[in-house]
Amino acid sequence: MDRRRPGPCRVTLTVCFHGAESTGKSVLAERLSRRHGWPWVPEYGRTYAEAHGTDFTMADLLAIARGQDAAMRAAAAGGPAVLLLDTDPLMTAVWAEMLFGEVPAELMGYPRADLYLLFAADTPWIGDGTRLFGTPTARARFAAAAEAVLVRAGVRWQRIDGDWAARESQVLAAIAAVSGPVRAQE
């Protein structure tokens, strides 16, 4: 993904929230977007599931990855200093592993974020009609698969855990460690 924009040299830091369902990724991405003015790319898979249901095929997962990638590219075109991604095609790869036991090469071939934040499954489960893996065993399996995909992809990542305040603090510290002091969008 070409993250440069014309004019003064400015590179977007892309930060992807990654991990099992119901771990606060969407809530925190939206909150940080409001507080810091950073654009946030919502989870395309949720929109897709709400429109088409959750009886996914591999073709559905590939369509979800393409839709997420298109949304990410559109948001990055504006050249924001920080771009928050509430998932990306690597997360769709985890879904492929969970649902079908395999990960198509296409899902591993998309451009990668600069930083992945792996949200631990240590928060209460909240069902919402699009989530499928709510038992403790399924959540642990999902969390392990999410970490394994990050390791396989060879990306920079950090674990995020604890209560909501701890998660927010850890996310901000991780972004600051990569980009410098956290500040609102210019």
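Strand S4, which spans residues 115-119, is mostly covered, since five of its five residues are buried, where buried means under 20% relative accessible area with a 1.4 Å probe and only protein chains considered. Strands here are DSSP runs of E with at least two residues, and helices are runs of H or I with at least four, both numbered from the N terminus. The model is a predicted one, in which local features need pLDDT of at least 70 and side-chain atom pairs count only at pLDDT 80 or more, while totals for chains, interfaces and linings use all residues. Residues are numbered from 1 along each chain as its sequence is written, and side-chain values use heavy atoms, with hydrogens and water left out.

**Strand S4 and its neighbours**
- From S4, Leu115, Leu117 and Phe119 point one way and Tyr116 and Leu118 point the other way, and all are buried.
- Strand S1 (residues 13-19) runs parallel to S4 and is joined to it by five bridges, with cysteine 16 standing opposite tyrosine 116.
- S4 also pairs in the parallel sense with strand S5 (residues 157-160) over four bridges, and there phenylalanine 119 has isoleucine 160 as its bridge partner.

**The sheet as a whole**
- The five strands form an open sheet in the order S2-S3-S1-S4-S5, with parallel pairing, where two strands pair if DSSP finds at least two bridges between them.
- Strand S2 (40-41) and S5 stand at the edges with a single partner strand each, so one side of each is left without a neighbour in the sheet.

**The chain overall**
- The chain holds seven helices and five strands, which follow the pattern β-α-β-α-α-β-α-α-β-α-β-α when read along the sequence.
- Of the 186 residues in the chain, 47% are buried.

**Aspartate 60**
- Aspartate 60 lies in helix H3 (residues 58-76) and is buried yet has no salt bridge, the nearest side chain of opposite charge being that of arginine 66, 9.4 Å away.
- A salt bridge is a side-chain nitrogen of Lys or Arg within 4 Å of a carboxyl oxygen of Asp or Glu; Lys and Arg count as positive and Asp and Glu as negative, with His and the chain ends not counted.
- Leaving aside residues up to four places away in sequence, aspartate 60 touches Tyr48 and Asp55, with contact taken as heavy atoms within 4.5 Å.

Technical notes:
Buried < 20%, exposed > 50% of the residue type's maximum accessible area, 1.4 Å probe, protein only.
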